[in-house]
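Try each task yourself before you read its solution.

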Amino acid sequence: MRASSPEAVRPSFWATPEPDRPPLWATPHADAADRAACRNAIRAGSRSFFAASALLPAHVRRPAYGLYAFCRLSDDAVDDVAPVARTAAAARLSARLTRAYDGRPADAPADRALADLVVAHAIPQALPMALIEGLAWDGEGRRYATLSDLTAYAARVAASVGVMMTLIMGSRDPAVLARACDLGIAMQFTNIARDVGEDARAGRLYLPVDWLREAGIEPEAFLTDPHPSPALAGVVARLLAAADLLYIRSEAGLSGLPRACRPAIRAARLIYAEIGRELERQDLDPVTTRARVDGRRKAALLARATLTPTFAPAQDRHAPPLAEVAFLVAAVAAQPVPAGPAWWDVPGQMARVLDLVETLRERETFAGSAFAPEGSSHAVP
């Protein structure tokens, strides 16, 4: 918690902090127990992301867990209430987000972790707000007439998270952010293709309506009786093909990330793309089965991500962002970046030493845990 009277405890010889920096006497909102809770949230909620995160440097992995925990909390807050209450749930999430940005987070590990990381990494509030907007669309039961409409949804619930992760990793390059958006949308398309049956049984439909009708599938009839068919397989194949194009283009952004972060992001890309390959092996039937990548295959993909160099066409590196995600990239460009701590910031230097000690402890306990048995997951693999 923040000191109740900071002027009373600030030594007079300390310089006045810059307007965009947190005061030197401020302490983080999240403690070790909060960070452990955030780590447990991802371990239980996303096998694929948790496995890939093992390759992240510890100083990136920790805020990534905090970000994921808030995203999971937000998803559950809208998904786990009655349909008539979902609009109100999204409004409550917006209020919690505002509190985190105001430095007075709600009393929950994910909120405290978010309050710390949005300051530390200068994350514009428009990014998590976009996520909440997408979840509100879920609450409305919105459907998507075209692939562009579906991309606008994926921009909010997935590309926004990709941009925030890129900021946590230390890159604000618009070209790199555009490729992060490509990757987030590709992953969301893969999730949608995999979960067609599960979503239909819950009364949800994300496949582009015009594609369904072109294939002779009436949306309402499918929701009433979801079943596999050659026509549905063709629609799923189209969505996976759209995802694959974005996976390929996203590779060009890896070179703009810190070298230590590249294997983890490439691993996430490979593991999610492999879900599409599993769907193909199951005859593109997402209704009676749920495509999964087993632990042995994940381990092989993790090794490939670590050992194999990345090659991507130069033109992809500088391709403009998709029109549906341009607002995310623009939000980062408009966000001022606070100056780093000065060399004389003794408390800051001490905090870094303590952070290093905690990082070393995490490394001791993290080894070998990425493939430990986990609980059930929701929409994220």
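## Exercise 1: a helix and its buried residues

Task: find how far helix H13 reaches, and list its buried residues.

Solution. Keep in mind that you're working with a predicted model. Start with the length: H13 covers residues 230-250, which makes 21 residues. From its first C-alpha to its last it reaches 30 Å, close to the 30 Å expected at 1.5 Å a residue. Next, the buried residues: they are Leu 232, Ala 233, Val 235, Val 236, Leu 239, Leu 240, Ala 242, Ala 243, Leu 246, Tyr 247, Arg 249 and Ser 250. Here's a handy rule for reading such a list: an α-helix has 3.6 residues a turn, so residues three or four places apart point the same way.

## Exercise 2: a cysteine in a loop

Task: is Cys 261 buried or exposed?

Solution. First place Cys 261: it sits in the loop between H13 and helix H14 (262-281). Its relative accessible area is 2%, so it's buried, as the cut-off is under 20%. Now look for its partners: beyond its neighbours within four places in sequence, Cys 261 is in contact with Leu 56, Pro 57, Val 60 and Met 169. Take Val 60: it's 201 residues from Cys 261 in sequence, yet 8.2 Å away in space, C-alpha to C-alpha.

Notes. Residues are numbered from 1 along each chain as its sequence is written. This is a predicted model: local features need pLDDT of at least 70, side-chain atom pairs count only at pLDDT 80 or more; totals for chains, interfaces and linings use all residues. Side-chain values use heavy atoms; hydrogens and water are left out. Helices (H or I, at least four residues) and strands (E, at least two) are DSSP runs, numbered from the N terminus. The expected span of a helix is 1.5 Å times one less than its number of residues. Buried means under 20% relative accessible area, exposed over 50%, partly exposed in between (1.4 Å probe, protein chains only). Contact means heavy atoms within 4.5 Å.
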